[in-house]
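Reader: Here is a model I would like to go through. Please keep the terms plain.

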Amino acid sequence: MFIRMIIKVIARQRTKMLMIALTVALGSSLASAMLNVMLDVGDKVNRELKAYGANITVQPKGALLLSDLYGLDAAAAGVDAYLPASEAAKVKTIFWAYNVVDFTPLLSLQAETPSGREVAVTGAWFSHQQSLPTGEELQSGIDNLRSWWEIEGSWLVDGEDDGVMVGVTLAEELGLEVGDQITLSGLTGATTDDPADSGTADPAPAGTGTTDPASGTTDPAVSGDAGTAGTAATTTSGEATAVSAPTSRTLTVRAIITAGGDEDNQAFVTLACAQAISGKTGLATSIEVSALTTPDNDLARRAAQNPKSLSAKDYETWYCTAYASAICYQIEEAIPGVVAKPVRQVAASEGAILEKTQLLMLFITILSMVGAGLGISNLVSASVMERSAEIGLIKALGASDAAAAWLVLLSILLTGLAGGVLGYLAGLGFAQIIGLGVFGSQIAAAPLVIPLLAVLLVLVLLLGSLPALRSLLRLRPAEVLHGR
Amino acid sequence: MPSATPTTATPAATPASKPTSQALLQLDAVTKSYGDLDALRDISFAVQPGEWVSIMGPSGSGKTTLMNIIGCMDKPTSGSVLLSGQDISRESPRALTAIRRDHIGLVFQQFHLIAYLSALENVMVAQYYHSLVDEAEALQALERVGLAKRANHLPAQLSGGEQQRVCIARALINRPQLILADEPTGNLDEDNELKVMAILRELHDEGHTLIVVTHDPEVASAAQRTIILEHGHLKEIRNNQP
C-alpha cells in the first residue's frame, strides 16, 4: 500500500517531482563533474606543470656534499664528481617508475671559441630513444624538459652530434645565426661553468679508462686534440669510464634559444658531443628528472628530513605515495652514490597549484549542492503545502508523525535519487568536456564519486526537505480537516 | 459559572452526565478556550455504547471544537474526556493518534478522500495505518455501502454521495468503538442524504455507537438523543425517541 501511495504521489505531482529531479540533476551533474575532475586533476595538472621543467635533480654525492656543507661548487673546489650517463635509465626502475615522465643526464663543461671566448656548454639527450632495463622503449630528453623555450630553427635530435643550439645572448655576441658554424674546444679539466675547475681529483693514470657503451660513444668525427693524455674518473658506482683530453669540434648552429634565463648565454649539444669535447666519455654531471608527484604533507616533510625516523607503517605509507621525497629516496636506492633532491620551487608550486585547483572544484561542488538544496527546499515546501489536506487526513486516520514524514520523504528521496543518477551521468559528460577542453585528455570516471555523490545527495535532500518536514510535523489534523 | 449539565439545562435530559461504568464516552466540565474566547464552556455529557447521539447547534456554537476533542484531534483546556474509561484529555499527541486509529472512525463533511487513490485504496489506507492491508475486507466494506462496483474509481469519478459512502466504509474498516461523523449529509442532495442516513441507521442497528454533528434537525432527529450547543454552552439534551 505504501509503495502504491508513493508511486501515485510521484505520478500525481509529476510536474513538481520533475522539477525536483531536474534541480537535483543539475546540482549533482556539477558535483559529479567537479568531483571526477578533482580526483583526476592531480595527474593532469602535474602533467601540465611538467612543461615547466624537471622537479628532481640527481647529482653525485661528492659534488653535493661540497655544495651543501661548504657552499662550494665541486669544480671550483677541484673535485670532479661524475656519474655514468648510463645510470640515468635506472630512474625508470624505481617503485614509482610510472610517475617518472621524463629525464636526461646532463654534462656541463666549459669550452672556448677560436677567439678565446669561454662558453658554458651543456650536453643532454635530445629525443633520446632507449630500451629500458624493464624492456620498455622510451624517448626522453631535454626537449621535453624545456618545452617552454622559444626556438628559432629546430631542436637537435638524438645522434645529431655535429649540431649546437645557442642561447640568444651568446648568439648575438658571437654573431651567430642558424646554419652558421662554430668551433668549440673543451678546456682541460673544466666541466662546469667555473673556468677555475682543474679536474685534479682524477686519480687514475691517463688513458686507462674504458668506454661505457650505454652512454653514447665519442664521435669519430671529433677533431682536434682527441687522443691526448687522458685520465680515468671515478664514478658514483665505482666503475671506470674513459676520461681523455678535451677536444675541439666544429658544430653547426641548429637553433637560437630564447629561454629568458642563464640558458640564453649557453650552448647546448648532444650528450655524446659534450662528452667528446670534454673528454668525459660516458659521464654526466647530473640527471634531471621530471616526475608526477603528490603534494607534500607532514609525513612527506618528516620523511624528507630522515626516512629512518618514521614508524614502519608511516614508512610504508610514505614509500608507497608519490611524494617527491619518496621518489628521490627510491632514485638514491637505484643509483648508489648519488643524491636526488627535489627542486623545491617547482615541487612546491605544483603542490600549491594542485591544492588550489582542487579547493576551487570542492567549492564549486559545495555551492552546486547548496544551490540544489535551496531549490529542493522550495519545491518540497510547495509539495507539502499542496498535500497538507492529505497529510492531515492520514494523521487523522492514525499515521504517526514519523509515518507521515516518511511518506513525504521517500517520494522526495526516490525522485531525488532518479535526478541524481541522471545528474551523475550528465556530470561524466561535463567532466569529459572539461578534460578535453582544459587538459586535452579524458577524465577517468572515479568509482569513489558514486558513493560520495550518493551521500551528498541524501544529505542535501534531507536538509532541503527539513523546513517542509518541520511544518509537516507541526500540521494538526483538526486544522487542515476542519480549519481549526 | 453555571453548569451546563443536562439536569440543569432541561428537564427532558437524560442523566447521561453522571459518570457510569458503562459509558463509552464521558465528558466532564469540558472547556476549550482560544485566548479570551471560550469555544466550549463546561460541557458534560455521556454516551453509552451502541447509542446514537446528535450534536446540533448554529455556526460558532462549538460543534466542530467538540468533535475535534472527542475525535482526539484536540485537547480541552480544562475538564476531562473519558473514552472507554481512559482520560484522553491528558494524553500525549502520540497516544491520541493511537487512540484515534484504534477506537474512532471519522466521517467528514468534505469526505477528505485522497484524490490519487481509488475508492478501494482510500479504504485500504485506513487499514494500512491501523494494522494490515486486506483488500478483500476493504472491498467488503465498500460492498456494504453499495460501492463494490465503483471500487476502482477515483474520487473525482464518484458523486458526492458515493464519496461520502467511501468515507463511511473507511471509517468502518477498522471496527471502531465510536463513529464520529461531522455533517455527513452536509454536502449531499436529498437522494444521497437518504442513502447515507440509511447506512447510519443500519450501523446503529448493528450496535455501533454514533455521534453525528449536524445542523439539520431532520438528521439530528434520527439519533436517540440530541445535544444542543449554543455559544459554546450545552443548551439542551433532547431525547428524540420515547
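Reader: How many of the 9 residues of helix α11 of chain A are buried?

Author: This is a predicted model, in which local features need pLDDT of at least 70, side-chain atom pairs count only at pLDDT 80 or more, and totals for chains, interfaces and linings use all residues. Residues are numbered from 1 along each chain as its sequence is written, with chains lettered from A and ligands numbered from 1 in the order in which they are written. A residue is buried if 20 or more other C-beta atoms, placed from the backbone, lie within 10 Å of its own, exposed if 12 or fewer, and partly exposed in between. Helix α11(A) (residues 388-396) is largely enclosed by the rest of the structure, because the buried count is 7.

Reader: Which strands of chain B stand at the edges of the sheet?

Author: Helices (H or I, at least four residues) and strands (E, at least two) are DSSP runs, numbered from the N terminus, and two strands pair if DSSP finds at least two bridges between them. The open sheet of 4 strands runs β2-β1-β4-β5 in chain B, with antiparallel pairing. Two of these strands each have a single partner, so one side of each is left without a neighbour in the sheet: β2 (37-47) and β5 (86-87).

Reader: How many bridges join β1(B) to β2(B)?

Author: The two strands form a hairpin with 2 residues between them, and Gly35(B) in the turn has a positive phi of about 70°. Across the pair, Gln26(B) stands opposite Ala46(B) in β2(B). The strands run antiparallel, and the number of bridges is 7.

Reader: What is the bridge partner of Thr31(B) in β4(B)?

Author: Strands β1(B) (residues 25-34) and β4(B) (residues 78-83) pair in the antiparallel sense over 5 bridges. The partner of Thr31(B) in β4(B) is Ser78(B).
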